[in-house]
Amino acid sequence: MISRSSGLALYLQVADAIRQKIISGEMAPGSLLPSEKYLAEEYDVGRDTIRDAMAYLRGEGLVESKRGYRSRVRANAPRERIWLHQGEVVWARMPTPQEKKEHGLGDGVPVLVVGDKTYPADRFEFGRDE
């Protein structure tokens with residue numbers, strides 16, 4: 001429920017409501033989101049608020065958009081597992097513009113760094129033999 005008196009920006013409330021639908025599976029990976037007009041009516045907000053919410057969710061990597069097309073829930077790509085050697089450490093950061101281009105990364109997708117190699121966080125996971 002969107003509350004105009006909660007103190008939280010409307011676009012963040014809308015983004016949270018849509019995020020919850022994605023997390024719950026109500027909006028499945030790869031599915032189209034309703035139109036901006038429909039969402040504005042559903043949440044009783046302006047289309048600019050919907051655009052801001054979509055931009056926020058794109059930044060989180062939950063949705064993807066292309067100008068002239070409806071937004072889509074980002075599909076979960078299969079992940080490749082990489083086994084770490086003793087002493088290797090994985091850390092995450094946002095990619096440089098060059099890394100975004102090199103890996104074809106959308107907004108909001110971090111890279112995982114091991115040594116001097118970077119891996120898109122949406123396509124790789126790491127494991128260690130115990």
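Helices (H or I, at least four residues) and strands (E, at least two) are DSSP runs numbered from the N terminus. The model is predicted: local features need pLDDT of at least 70 and side-chain atom pairs pLDDT 80 or more, while totals for chains, interfaces and linings use all residues. Residues are numbered from 1 along each chain as its sequence is written, and side-chain values use heavy atoms, without hydrogens and water.

**Helix H1**

Within H1, highlight Gln 13, Val 14, Ala 15, Ile 18, Arg 19, Lys 21 and Ile 22, which are its buried residues. Step just past the end of H1 to Gly 25, where phi is positive at about 90°.

**From H1 to H3: a pair of rings**

Return to H1 and select Tyr 11 with Tyr 56. These two residues form an edge-to-face aromatic pair, with 6.0 Å from centre to centre and 70° between the planes. Rings of Phe, Tyr and Trp (its six-membered ring) pair if their centres lie within 6.5 Å; planes under 30 degrees apart count as stacked, over 60 as edge-to-face and the rest as tilted. Because Tyr 11 belongs to helix H1 and Tyr 56 to helix H3, the pair ties together parts that are 45 residues apart in sequence. Tyr 11 is partly exposed, at 29% relative accessible area, and Tyr 56 is likewise partly exposed, at 36%.

**The loop between H2 and H3**

Next, select Asp 44, in the loop between H2 and H3. Asp 44 is not a glycine, yet its phi is positive, at about 55°. Most residues other than glycine have a negative phi. Asp 44 is exposed, with a relative accessible area of 55%.

**The second largest pocket**

Now display Glu 36, Met 54, Tyr 69, Arg 70 and Ser 71. Of the 16 residues lining the second largest pocket, these are the closest to its centre. A pocket is an open set of points on a 1 Å grid over the protein atoms alone where a 1.4 Å probe fits, with protein on both sides within 12 Å along at least five of seven lines; lining residues have an atom within 4 Å of a point. H2 and H3 each supply at least two lining residues, and H3 gives the most, with 4.

Finally, select Tyr 119 in strand S6 (residues 117–120). The C-alpha atom of Tyr 119 is 32 Å from that of Gln 13, and the two residues are 106 apart along the chain. Tyr 119 is buried, at 15% relative accessibility. Together with Phe 124 and Phe 126, Tyr 119 forms one aromatic cluster. Leaving out residues up to four places away in sequence, Tyr 119 touches Ile 82, Pro 110, Val 111, Leu 112, Val 114, Phe 124 and Phe 126.

Conventions:
Buried < 20%, exposed > 50% of the residue type's maximum accessible area, 1.4 Å probe, protein only. Contact = heavy atoms within 4.5 Å.
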